[in-house]
Amino acid sequence: MKLEVRQVGKSFGSRTILKHVDLTVHSHEFICILGHSGCGKSTLLNMIAGYLLPDDGSITVDGEAVKGPSKSRGMVFQDHALFPWMTVLDNISFGPEVQKMPKAQAKETAKEFLKLVGLEAYASHYPGELSGGMKQRVGIARALASRPDILLMDEPFGALDVLTRETMRVELQKICSRLKPTILFVTHSISEAVYLADRVVVMKHGEIARIFEVGIKHPRTSQSAGFGEMMSRIERVLMDEDHLELAPAKAGL
Amino acid sequence: MNWHKYNILPSLLFFVVWELFSRVNGTAKFFNPNFLPAPTLLLSEGWELAKTGMITDSIVSSTIRILLGFVIGSIVAVGLGVVMSKFRTAERWFSPILNLVGPIPALALLPLFIIWFGIGEFPKVLLIAWTTFIPVLVYTLDGFKSVPSTLIRSALSLGASERQIFTRVMLPSAVPNFLVGAQVSLGLSFSALIVSEMMGAQSGLGYMIVDARNYFKITNMFVAIILIGLEYSFLSSLLKLVERRVVVWRKGGLRDAIEK
């Protein structure tokens, strides 16, 4: 699998969200897209998912243009987007079922993935009865159960509290080391990106500012060699001109 | 028995006060005692009436009419809701017309329906179907429109076809709204039922009232009125039961917000 984003641009009305974005994602890579809110990172992800179409440039998977959503590109949303009227197990078996897998087999697959995220005991619960972190784990299991070629995650831990975030991060890393999926992960947390990613793509004002190869051995902690240094290098790119830009704006007022 | 669950004390008190007042009025004669018969008298008169089979007949024919009208009205409303939410053109054409005819009280249409369709079952069922149709359509349509876009997006990314999105995401997502519409329309269609039975019918709870008036049998009138109340409570609790079964997944409201 190879995902290629070539010279992609997107505007909403007169507002330019993205311009000249180039990115290549290979199989089994974990890529984090990092940036401030409003930098266009979610728009980019939505275009790769096929919900939005690029104005300029092209997005291709194995040479074929993305024309709409597809089961080969799974999505995990910040608000988890679980179907509230289905039990946890039915949520996870939804993907296999709509893809015409026999019902019993789909349930088996769902159980497998439920086990992967450690929620076997909650199979017959409704999403409304789960905590935020549990819902997001179900969201991840649901996306994985339809065996996508690439998993897109749009700030999946953004709505969780700090402690849950930490554990989710560790769990996601464990899942990754086991399944070796290809993941494109949008976040605004530098530590999250450095903890998880093989490469961190820093976006600013609708453009890719810099791409960092993290290259620290898994499992990482904030004490791993090079972790702090990587964080401050990213922070410098992410933060610098912002102060300079704010100053004239204030002077203008 | 759980007294909190079956809160019958207020209704019991209501009937006791009524009974006492009627008895006092029977001797004191504040007004003609026949105008307000005591509940015990109603009970015995009602029993006599039941023996003739009139009560069962009335309840059965009223229930059949309202269920038939309700089901037909709901099916047409959901069907049109589906079409209107799917095709923008359909919505553009239908919604102004519905805004025009929707607010007309169904009862204003009844004489016209009788002239067009006679006094048989058809105009009555049609009237009930019509009063069900409007609220159910409005609420269901709103339900279809307010399905969170992330739910549709995630279904698409899980490989669902447009049809599967409709049957497995849009429809179940709109069920709570549909039930609210059904609850609203039940009150309206129930009054449509009674009135249509009062205008040219040979059976039903509304007919019982007209029949009692014609023979000046005030007790029978009261029996019919009480039966109407009971029938409505029955239908309403039936709907609530369905709602509880269907939307077990739904949480919220004051009761879930804080423990008391």
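What radius of gyration does chain B have, and what would a compact globule of 260 residues have? Chain B has 23 Å, while the globule would be near 18 Å; the radius is taken over C-alpha atoms, and the globule rule is 2.2 Å times the number of residues to the power 0.38. Along the principal axes, the C-alpha atoms of chain B fill a box of roughly 80 × 55 × 30 Å.

A quick word on what you're looking at. This is a predicted model, where local features need pLDDT of at least 70, side-chain atom pairs count only at pLDDT 80 or more, and totals for chains, interfaces and linings use all residues. Residues are numbered from 1 along each chain as its sequence is written, with chains lettered from A and ligands numbered from 1 in the order in which they are written.

Chain B comes to 11 helices and zero strands (DSSP runs numbered from the N terminus: helices are H or I with at least four residues, strands E with at least two). Buried residues make up 30% of its 260 residues, buried meaning that 20 or more other C-beta atoms, placed from the backbone, lie within 10 Å of a residue's own.

Now for the meeting with chain A. The contact takes 20 residues from chain A and 14 residues from chain B, counting two residues as in contact if their C-beta atoms, placed from the backbone, lie within 7 Å. On the chain A side, strand S6 (73-76) and helix H2 (88-98) are the elements that give two or more residues.

Definitions and conventions:
Buried ≥ 20, exposed ≤ 12 C-beta atoms within 10 Å, placed from the backbone.
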